[in-house]
Amino acid sequence: MKRKANPLIQAINEASSKTRREAHEMIEKAKILDQLRMKIRGNYSPIFKDLDLSVHNLYLRTGYYKPTIEVTLNKLESFKDDQLVKLLSFLTDRASNMSSKDYANWLNRDFSFELEDVYINVSAYVRSDSPTCRKVKVGVTVQEVEEYELVCD
């Protein structure tokens, strides 16, 4: 007769295996990033060299296919800000794929670029007192949401 495995021991073994697998994947992503380091640095350093990190944010995360550079530009007067326009022009000239999406509630426009060696996401936020950008109400959405409560006999 086969002995029944203790559920706790089984859970520990599964968690240990999963953690080892994830660690291996992280090491592989780090190796890819190390291989691309000089290429990414050479291709993109010039456009980010004047980015003021006391106002804006820049970070890089690893992904399954390519690293992703995340850029957040804060407190812009408009979407015609010189730094944003230069960045978008630089990336548009090199991108194989590009998209954008507006988030009016946050006065934000996100731009996504797929380049040969990286993905780059740019989130641009204009100031709430921007002289050129504002959020304008264009309608109302009413959504019916079912509510429940737990009743036990």
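Start with the lining of the largest pocket: eight nonpolar, one polar and three charged residues. Here Ala, Val, Leu, Ile, Met, Phe, Trp, Tyr, Cys and Pro count as nonpolar, Asp, Glu, Lys and Arg as charged, and the others, Gly among them, as polar. The model is predicted: local features need pLDDT of at least 70 and side-chain atom pairs pLDDT 80 or more, while totals for chains, interfaces and linings use all residues. Residues are numbered from 1 along each chain as its sequence is written, and side-chain values use heavy atoms, without hydrogens and water.

**Stop 1: the largest pocket**

Select Leu-33, Asp-34, Arg-37, Ile-40, Arg-41, Tyr-44, Ser-45, Phe-48, Leu-58, Tyr-59, Leu-60 and Ile-69. They line a pocket of about 290 Å³. On a 1 Å grid over the protein atoms alone, a pocket is an open set of points with protein on both sides within 12 Å along at least five of seven lines; a cavity is a set where a 1.4 Å probe fits but cannot get out; lining residues have an atom within 4 Å of a point. A volume is the space filled by probe spheres set on the points, which are joined across faces, edges and corners.

Now color α1 and β1 (57-61); each supplies at least two lining residues. α1 gives the most, with eight. Helices (H or I, at least four residues) and strands (E, at least two) are DSSP runs, numbered from the N terminus.

**Stop 2: α1 against α2**

Show α1 (residues 7-48) with α2 (residues 82-94). They pack at about 160°, axes 10 Å apart. That makes α1 roughly antiparallel to α2 (angles over 145 degrees). Axes are lines fitted to C-alpha atoms, for helices over the stretch in contact, and angles run from 0 to 180 degrees between N-to-C directions.

Select Asn-43, Tyr-44, Ile-47 and Phe-48 in α1; they meet Lys-86, Leu-87 and Phe-90 in α2. Contact means heavy atoms within 4.5 Å. Five of these contact residues are nonpolar, one is polar and one charged.

**Stop 3: the cavity**

Next select Ile-47, Phe-48, Leu-51, Leu-73, Gln-83 and Leu-87. No charged residue is in it: five are nonpolar and one is polar.

**Stop 4: the second largest pocket**

Finish at a pocket of about 160 Å³. Its lining includes Phe-79, Asp-102, Tyr-103, Cys-133 and Val-136. β3 (97-103) and β4 (108-114) each give two or more residues. By class, seven are nonpolar, one polar and four charged.

Technical notes
Parallel < 35°, antiparallel > 145°, perpendicular 65-115°, else oblique.
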